[in-house]
Amino acid sequence: MEDVRREGSGGEEPGPNGGANPQTQSPGSEVESEVESEVEPEAKRSRRSSPQNHDREPDPDPDPDPDPSGDQGSDVDPELDSDSDSDSGPSVPGSGFVLVVSDSEAFFLVHSLGCLSVYLNQEPQSILQLWREFCSMRPDFISSFAAYQHCRSRGWVPKGGGGAKYGVDLMLYRKGPPFYHASYSVVIERVDDAFKGSPLRPFSWRSLAALSRITSNVSKELMLCYIIFPADLSEAELASPVCLSRLKVQEVIVSRWVSTKERAEQEDI
């Protein structure tokens, strides 16, 4: 049997497991096995490091140049390029836009705080230009802004828009509408040194009592804010915000007298 195995294996002696005995292998076969053992890990490493399929054909040139003149194409998306050429509206310089409710608030941010820039037709407006523009748009702008600036200087936050709801010009808040309800309802009036003039609201006793009652029902106090214009103030001075330094402001608090409440307070005292 050993002779038959030796003849079947080409003259090599069988190993312990029935295979060829490594001691009887030829030197050439041993060298070939060592080379294969060294090449095989290298091939495995190359297959692991390259995730691409080597059987695929190489991709064509990713950036072909169809222009025979050799000019490079633009990297800008044609859709974006077309949008940039279209007129999407006026481009106002600055860091952003601010929603301003009233003209008095806008002029206060420009004139008093210097934190707002106003542009008209993409042209920056100066303080004098804004003053004349607001005066032409609103005849009572000077008295309205004087009252607004006076309330802001006293630490209040004035807000307009109370005319349709409460019949007044301004609402005064301690810190703003998100924090507290309004404390005062303000009516602005322009008078001269003798407290005479053409009032914006020619109050009668009946209309004044009705306004006071409405203000009291919403837990507020009614304030009459008089803007006093000197008699020698000329129209040339009114064309500039310098005239604000000559104006005076006087406040009058209007409260409704209730006999039962007054008697109860006197009894408590």
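By class, the lining of the second largest pocket comprises four nonpolar, four polar and six charged residues, where Ala, Val, Leu, Ile, Met, Phe, Trp, Tyr, Cys and Pro count as nonpolar, Asp, Glu, Lys and Arg as charged, and the others, Gly among them, as polar. The model is a predicted one, in which local features need pLDDT of at least 70 and side-chain atom pairs count only at pLDDT 80 or more, while totals for chains, interfaces and linings use all residues. Residues are numbered from 1 along each chain as its sequence is written, and side-chain values use heavy atoms, with hydrogens and water left out.

The second largest pocket has a volume of about 280 Å³; a pocket is here an open set of points, on a 1 Å grid over the protein atoms alone, where a 1.4 Å probe fits, with protein on both sides within 12 Å along at least five of seven lines, and lining residues have an atom within 4 Å of a point. Grid points are joined across faces, edges and corners, and the volume is the space filled by probe spheres set on the points. Of the 14 residues that line this pocket, Ser-216, Ser-255, Arg-256, Trp-257 and Lys-261 are the closest to its centre. At least two lining residues are supplied by each of helix 8 (205-217), strand 6 (221-228) and helix 10 (259-268), helices (H or I, at least four residues) and strands (E, at least two) being DSSP runs numbered from the N terminus.

The protein chain contains 10 helices and seven strands. Of its 269 residues, 23% are buried, the term buried denoting under 20% relative accessible area, exposed over 50%, and partly exposed the range in between (1.4 Å probe, protein chains only). Among contacts between residues at least 6 apart in sequence, 52% join residues at least 24 apart, a contact being defined by heavy atoms within 4.5 Å.

Axes are lines fitted to C-alpha atoms, for helices over the stretch in contact, and angles run from 0 to 180 degrees between N-to-C directions. The crossing of helix 4 and helix 6 is right-handed, that is, the near helix is turned clockwise from the far one by less than a right angle. On the helix 4 side the contact includes Asp-103, Phe-107, Phe-108 and His-111, and on the helix 6 side it includes Phe-141, Ser-144, Tyr-148 and Arg-152. The residues of this contact divide into six nonpolar, five polar and three charged.

Helix 5 (residues 127-137) packs with helix 6 at an angle of about 115 degrees, the two axes being 9 Å apart. Here Trp-131, Phe-134 and Cys-135 in helix 5 meet Phe-141, Ile-142 and Phe-145 in helix 6, a contact with six nonpolar, no polar and no charged residues. Ile-127, also found in helix 5, is partly exposed because its relative accessible area is 32%. Leaving aside neighbours within four places in sequence, Ile-127 is in contact with Phe-107, Val-110, His-111 and Pro-241; the C-alpha atoms of Ile-127 and Val-110, 17 residues apart along the chain, are separated by 7.1 Å.

With neighbours within four places in sequence set aside, Ala-147 is in contact with Ile-188, Cys-225 and Ile-227, and its C-alpha is 9.0 Å from that of Leu-170, 23 residues apart in sequence. His-150 in helix 6 is buried at 11% relative accessibility and touches Val-249 and Glu-251, not counting residues up to four places away in sequence.

Most residues other than glycine have a negative phi. Gln-122, in the loop between strand 1 (119-120) and strand 2 (123-124), has a positive phi of about 65 degrees although it is not a glycine, and counts as partly exposed at 41% relative accessibility. Ser-219, in the loop between helix 8 and strand 6, has a positive phi near 60 degrees and is exposed, with a relative accessible area of 66%.
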